[in-house]
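Reader: I would like to go through this structure and learn what the terms in it rest on. Please start with the rules.

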Amino acid sequence: MRQIIAGNWKMNGSVGGVGAYADALKAAPGHATLIVCPPYPLLPAFAAALAGTAVGLGAQDCHTGSSGAHTGDVSAILLQEIGARYVILGHSERRADHGESNATVNGKVKAALDAGLIPIVCVGETEQERDAGEAEDVVRTQLTHSLPENFAGLIAYEPVWAIGAGRTPSEADVAAMHAAIRAALVGQFPATGADTPILYGGSVKPGNAAALLALPDVGGALVGGASLNAADFLAIAAAAPGG
Ligand code: PEP
């Protein structure tokens, strides 16, 4: 299956930087699917710059509702209207900074699906949870409660302690967690769980991408810091198997 390399720009970037970045992505190796998820205000510029290319465009969050009195929030419908195809949901920074529970994430996933967006649902344990031997249980609970019955989309396994930290789990730990996620998805969604892409995220860089992307059940990467530099993002995509 084609690997998926998604860039999460978080609260970074500028209008002036969109054109050059989009031009660089047009030279991407064709064997992986690229997705860029910039802050909301950059979505229209990216939609225009990437029109006609195979690069996917995603947002970083959406509201559970379709409209209403929710100052500062953005609906999935509006994201779809302005050209987004994907939306990251349940990122650990949203769960921590905005108190998002699994139930909230579940509502957002439903809203995204209703709007025709493909959700990229993030799960992952804290360092304390891993040290306590609870990592797989925590992630299984997140999957059970964050994914609605009609889920169709991508999962990103992002250990919270690896995000922006410059360190990653061992390859054995990544493989074990992806196998646990696969088993949970097959149990929860017998018809589709075997084919749901499971991305790894957390300090993916050009130097470690090939090893991480080659692991069983790793279907791609969700890349934060390294996605801000087009050359690094393309180097990660080039490291995907099949190139
Ligand atoms: C992320 O926040 O989704 C992420 C993976 O960040 P980084 O690659 O910077 O660790």
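Author: A polar contact is a pair of N or O atoms within 3.5 Å; within protein, one must be able to donate a hydrogen and the other to accept it, and residues adjacent in sequence count only if both atoms are side-chain atoms. This is a predicted model, in which local features need pLDDT of at least 70, side-chain atom pairs count only at pLDDT 80 or more, and totals for chains, interfaces and linings use all residues. Residues are numbered from 1 along each chain as its sequence is written, and side-chain values use heavy atoms, with hydrogens and water left out.

Reader: What makes the pair Glu158 and His91 a polar contact?

Author: The side chains of Glu158 and His91 are joined at 3.3 Å, and the limit is 3.5 Å, so the pair counts.

Reader: Why is Ser203 called buried?

Author: Buried means under 20% relative accessible area (1.4 Å probe, protein chains only). Ser203 has 9% relative accessibility, so the word applies. Ser203 sits in the loop between β7 (198-201) and α9 (206-213).

Reader: How do you know that Glu158 has no salt bridge?

Author: A salt bridge needs a side-chain nitrogen of Lys or Arg within 4 Å of a carboxyl oxygen of Asp or Glu. For the buried Glu158, the nearest side chain of opposite charge, Lys10, is 6.7 Å away. Lys counts as positive and Glu as negative. Glu158 lies in the loop between β6 (154-157) and α8 (171-188).

Notes:
Helix = DSSP H or I, 4+ residues; strand = E, 2+ residues; numbered from the N terminus. Buried < 20%, exposed > 50% of the residue type's maximum accessible area, 1.4 Å probe, protein only.
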